[in-house]
Every structure is written in structure tokens, then in C-alpha cells.
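Take a walk through this protein with me. Keep the model in view as you read.

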Amino acid sequence: KQVSTQSTGILEDTNIMGEQMSDIYVKTYLEGRKKEAQETDVHFRSLTGEGNFNWRMCYDMEIIVQENKMVQKKKGKFWHIEKTVKKVDPMFYIEVYDKDILSRDDLLGSTELDLTRLPAPSKTANECTLEVYERDNF
């Protein structure tokens, strides 16, 4: 999904020519696993609020297909021998930030994807359009 920062009014920084710009990056994580979030590199000095990232983010996950749930195993207290098993909805979160040096990074936009409701893959690039989402009510 393409995210634009122009509509958010977050292009606060200016370059030497007086043009507004933003230093953007993308952060992703799975439901209940925010500590394992992955980030792209920073796309510096985006003048239009757009950035292209050729980045692969890989997550190990176990899904119970019959229940449409993702299994999370976490170690409880240090005296617990077995890991605690929790079933959660398989949600994938995508957040776009403006990188700041002296202050907290600004959240420009976010979305969440339900991994159980993704459209079927397209066979060709021409078939891969947003109409797939409209047709299948995603």
C-alpha cells in the first residue's frame, strides 16, 4: 500500500531551497509482537512525501488455519518450565514514520492487515490492481 505524507501535513522540515521535506521509514510487526518490530532504512529528504522501499521483512509464525488464529509462545516467569501459549488474531501492522534527530519520530500513517483475509495471488502484474480489494470486499 502506498502511503503519502503530503496529505497529513507532516512535511515540517525544509531544505536550503525552502522546500518542505520528510525523512521517512516504515516499521512493521505482528499482533502481540511489537518488541520484534522490523524497520526499513530511512528515505532521506522526501520532497513529495513519498518513498519507495525495496525491503523484505520476514517473520516466523505458526497459524492454526481451522481457528484463523496465530499461536504465540512466550516464556512466563523465570520459574516457569513451559512456555505460555496464547492464540491471537493474525494481524500485521504497518506504520510510516518521519525520522527526527532531536525529538520523538512522528507517526505519519498506519494500517493493519488481517492475514486471514488477503486476496489470492495474481498470476500477472496486470491482474494485480486495487480492484481485487473492491471486488472481494477487503
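Start at methionine 70. Leaving aside its neighbours within four places in sequence, methionine 70 is in contact with Leu30, Glu31, Met61, Glu62, Ile63, Lys86, Lys87, Val88, Asp89 and Pro90. Keep in mind that this is a predicted model.

The largest nonpolar core has six residues. Met70 is one of them, together with Leu30, Met57, Tyr59, Val88 and Phe92.

Now turn to the aromatic rings. Two numbers describe a pair of aromatic rings: the distance of the centres and the angle of the planes. How many aromatic pairs does the structure hold? There are three. One of them joins tyrosine 25 and tyrosine 97. Their ring centres are 5.5 Å apart, with 15 degrees between the planes, and the pair is stacked. Tyrosine 25 lies in strand β2, residues 20–30, and tyrosine 97 in strand β8, so the pair ties together parts that are 72 residues apart in sequence. Are these two tyrosines buried or exposed? Tyrosine 25 is buried, at 6% relative accessible area. Tyrosine 97 is buried too, at 12%.

Tyrosine 59 and phenylalanine 92 also form a pair. Their ring centres are 5.9 Å apart and their planes meet at 75 degrees, so this pair is edge-to-face. Tyrosine 59 sits in the loop between β4 and β5, while phenylalanine 92 is in strand β8. The pair therefore ties together parts that are 33 residues apart in sequence.

Next, move to the surface. Met61, Ile63 and Val65 form a nonpolar patch there. Together they have about 260 Å² of accessible area. Methionine 61 lies in the loop between β4 (43–46) and β5 (62–64). Its relative accessible area is 37%, so methionine 61 is partly exposed. Met61 and Ile63 are also among the contacts of methionine 70.

Finish at aspartate 100. This residue is found in the loop between β8 (91–98) and β9 (106–114). Is aspartate 100 buried or exposed? Aspartate 100 is buried, with a relative accessible area of 14%.

How values were computed: Residues numbered from 1 in each chain as written. Predicted model: local features only at pLDDT ≥ 70, side-chain atom pairs only at ≥ 80, totals over all residues. Heavy atoms only, no water. Patch = residues over 30% accessible without salt bridge, like charges linked within 9 Å, V, L, I, M, F, W, Y side chains within 5 Å. Areas by Shrake-Rupley, 256 points an atom, 1.4 Å probe, with all protein chains shown as cover. Salt bridge = Lys/Arg side-chain N within 4 Å of Asp/Glu carboxyl O. Helix = DSSP H or I, 4+ residues; strand = E, 2+ residues; numbered from the N terminus. Buried < 20%, exposed > 50% of the residue type's maximum accessible area, 1.4 Å probe, protein only. Phe/Tyr/Trp six-rings, centres within 6.5 Å; stacked < 30°, edge-to-face > 60°. Core = buried A, V, L, I, M, F, W, Y, C linked by side-chain atoms within 4.5 Å. Contact = heavy atoms within 4.5 Å.
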